[in-house]
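The tour goes from one selection to the next.

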Amino acid sequence: MKRRRTACAVLVALLAGAAASGCADGTDGGAAVRQGPAAGQQGAAGQPGAAGQPGTAAPPAGPALAAAKAERLEREQAARVAAAKKWGLAKVPLPAPAPPAVRPRIATREGFEVAGGESLPPVFTTVPTEERVVFLTMDDGAEKDPELLRMMAELKIPYSAFLSDYVVSDDYGYFKDMQARGVTLSNHTLNHRYLPGLSAAEQRREICGEQDKIEKYFGKRPTLFRPPYGNYNGDTLRVAKSCGIKAVPLWAAEAFPDHMEWREWDQDLHPGDIILTHFRGREDWGGSMADMVRRVMKTVTDKGYAVARLEDYV
């Protein structure tokens, strides 16, 4: 036992000397001194390392991470200020909050029901949310103003387009460009007809036919549908559901270049309200699409709201 203890002490001393020698001359000294994690083991930052290699450095944390976030937010705000000035907005648009982790449950608005409609796509004018956000939507596609695409992209204002093929088909490329900028293209029928006056078969051609067109030219079948003039019946909703529609957003307010029109009695915006406008120009309403955006954004911002992306909530 005594001899074994002596041998162990000698071995420990030899190893200690080898380690000290390796540290002194900058080499590994023959032992596994300063070696990184073996393959399959975790490095200092929780990252796997190869044998003989140090682990990956940890990402910034604490004050450094907060400073980086603050710097990013400052840059984004500066970009919003510059864009608002460039496009002649009265005020800088408010940034929208992060999308909800879980989309709210959408139900048909009271008074908008159809018989047997419990299992049909909900019809609504406002998204249930407590956030001070509203949603901007544009219908048909008659006016194809390139200035609108640049303006909305630079201002980073989200909007949704509800297309009718009879006015879109002369320039699908304009709406492909819009889609490439992050805009969702949804269904507003083939020919913008008054749907309650049509048979179920005729409504199927209008609604499902537009589904087919949008899928063919833009690669994705819509899940949102807006009936022309906001008019529909039970056949409308049954047909829409049969060809992939999940929800029917109408609107609570409508925007023009020189005024707003309201559905609600108090003539005001509310959290989650959907705003309607149209692809129109000077020939139709005495102002450009940019004029309309300036008007609606002044109203929205003055009332303390941000514009959010409808498809993040529905």
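Start by selecting G88: this residue follows helix 2 and has a positive phi, near 75 degrees. Helices here are DSSP runs (H or I, at least four residues), numbered from the N terminus. The model is predicted, so local features need pLDDT of at least 70 and side-chain atom pairs count only at pLDDT 80 or more, while totals for chains, interfaces and linings use all residues. Residues are numbered from 1 along each chain as its sequence is written, and side-chain values use heavy atoms, with hydrogens and water left out.

Next, select residues 63–86, which form helix 2.

Within helix 2, pick out R80, A83 and A84, its buried residues (under 20% relative accessible area, 1.4 Å probe, protein chains only).

Now select L163, D165, V168, Y172, E210, K213, I214 and F218, which line the largest cavity. A cavity is a set of points on a 1 Å grid over the protein atoms alone where a 1.4 Å probe fits but cannot get out; lining residues have an atom within 4 Å of a point. Helix 4 (165–168) and helix 6 (200–218) each give two or more residues to this lining, and helix 6 has the largest share, 4 residues. Colored by type, the lining shows 5 nonpolar, no polar and 3 charged residues, with Ala, Val, Leu, Ile, Met, Phe, Trp, Tyr, Cys and Pro counted as nonpolar, Asp, Glu, Lys and Arg as charged, and the others, Gly among them, as polar.

How values were computed. 1 Å grid on protein atoms, 1.4 Å probe; cavity = no way out; pocket = protein on both sides within 12 Å on 5 of 7 lines; lining within 4 Å. Expected span 1.5 Å × (residues − 1). Buried < 20%, exposed > 50% of the residue type's maximum accessible area, 1.4 Å probe, protein only.
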